[in-house]
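Q: I have a structure open here and would like to talk through it slowly. Could you help me read it, one piece at a time?

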Amino acid sequence: MEKTTINENVLKNCYKNAKMAILSIEDILPKCDGALKEELITQHEGYNRHLTEIALTAVNVGIDLPDVNGLAKGMLNASINMKTMIDGSASHLAEMLIKGSVMGYTTLFKDLSEYGSLLYDEVYKRVDELKRFEEACENNLKKFL
């Protein structure tokens with residue numbers, strides 16, 4: 001695969017990861033309170049910062065980032081609503097978010113492992129920073145289990 005295509009695919013994965021995390025948090029925030037709500041607000045702000053940096057990097061390296069499609073958004077929302085109807089406890093909400101963070105972290109880790117040496121420095125930096133943020137989010141959510 002061509003280096004430009006690799007950078008484009010990896011940065012798109014990074015963008016999608018942060019965007020889906022933001023959407024998940026926005027769906028879950030109204031369903032929680034207290035310390036978990038505070039943690040999610042902090043994570044939401046962090047993901048928004050990362051999303052902005054990813055978008056700026058995309059502009060700098062000439063990559064167009066498509067928005068997450070409506071079907072994916074709808075499926076995410078429906079899944080969260082269904083799962084929280086069954087169990088809306090803080091522990092269950094944290095578990096759902098941890099699973100999402102682990103999926104995102106895994107994608108980012110895999111992209112860095114497979115393509116790290118082919119990535120533009122700026123793209124590598126964005127992916128690595130988001131990966132570390134995902135890991136921190138996961139660790140912060142564990143206290144709610």
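Q: Leaving aside its neighbours within four places in sequence, which residues is leucine 40 in contact with?
A: Leucine 40 is in contact with Ile25, Ile28, Leu29, Cys32, Leu97 and Leu141, once its neighbours within four places in sequence are left aside, where contact means heavy atoms within 4.5 Å. Before we go on, please keep in mind that this is a predicted model, in which local features need pLDDT of at least 70 and side-chain atom pairs count only at pLDDT 80 or more, while totals for chains, interfaces and linings use all residues. Residues are numbered from 1 along each chain as its sequence is written, and side-chain values use heavy atoms, with hydrogens and water left out.

Q: OK, and how many residues does the largest nonpolar core have?
A: The largest nonpolar core has 35 residues, and those with the most contacts inside it are Leu40, Tyr47 and Leu130. A nonpolar core is a set of buried Ala, Val, Leu, Ile, Met, Phe, Trp, Tyr and Cys residues joined through side-chain atoms within 4.5 Å; buried means under 20% relative accessible area, exposed means over 50%, and partly exposed is in between, using a 1.4 Å probe and protein chains only.

Q: What about aromatic pairs, how many does the structure hold?
A: The structure holds two aromatic pairs. Rings of Phe, Tyr and Trp (for Trp, its six-membered ring) pair if their centres lie within 6.5 Å, and planes under 30 degrees apart count as stacked, over 60 as edge-to-face and the rest as tilted.

Q: What kind of pair do tyrosine 47 and phenylalanine 133 form?
A: Tyrosine 47 and phenylalanine 133 form an edge-to-face pair, with 4.8 Å from centre to centre and 85 degrees between the planes. This pair links distant parts of the chain, since tyrosine 47 is in helix H2 (residues 34-61) and phenylalanine 133 is in helix H5 (residues 121-141), 86 residues apart. Phenylalanine 133 is buried too, with a relative accessible area of 17%.

Q: And what do tyrosine 105 and phenylalanine 109 form?
A: Tyrosine 105 and phenylalanine 109 form a stacked aromatic pair, with 6.0 Å between the centres and 25 degrees between the planes. They are four residues apart in helix H4, so about one helical turn separates them. Phenylalanine 109 counts as partly exposed, at 41% relative accessibility.

Q: Where does serine 101 lie, then?
A: Serine 101 lies in helix H4, which covers residues 90-115, and serine 101 is buried, with a relative accessible area of 4%. Not counting residues up to four places away in sequence, serine 101 touches Tyr47, Glu134, Cys137 and Glu138.

Q: Changing topic, how many salt bridges does the structure hold?
A: The structure holds eight salt bridges, a salt bridge being a side-chain nitrogen of Lys or Arg within 4 Å of a carboxyl oxygen of Asp or Glu. Side chains of opposite charge can pair when their charged atoms come close.

Q: Which residues are linked in a network of salt bridges?
A: Glu53, Arg126 and Glu129 are linked in such a network. Arginine 126 forms a salt bridge with glutamate 53, and their closest N and O atoms are 3.3 Å apart. Because arginine 126 lies in helix H5 and glutamate 53 in helix H2, this pair ties together parts that are 73 residues apart in sequence. Glutamate 129 also forms a salt bridge with arginine 126, the closest N and O atoms being 2.7 Å apart.

Q: Is arginine 126 buried or exposed?
A: Arginine 126 is buried, with a relative accessible area of 9%, whereas glutamate 53 is partly exposed at 34% and glutamate 129 is partly exposed at 24%.

Terms used: Helices (H or I, at least four residues) and strands (E, at least two) are DSSP runs, numbered from the N terminus.
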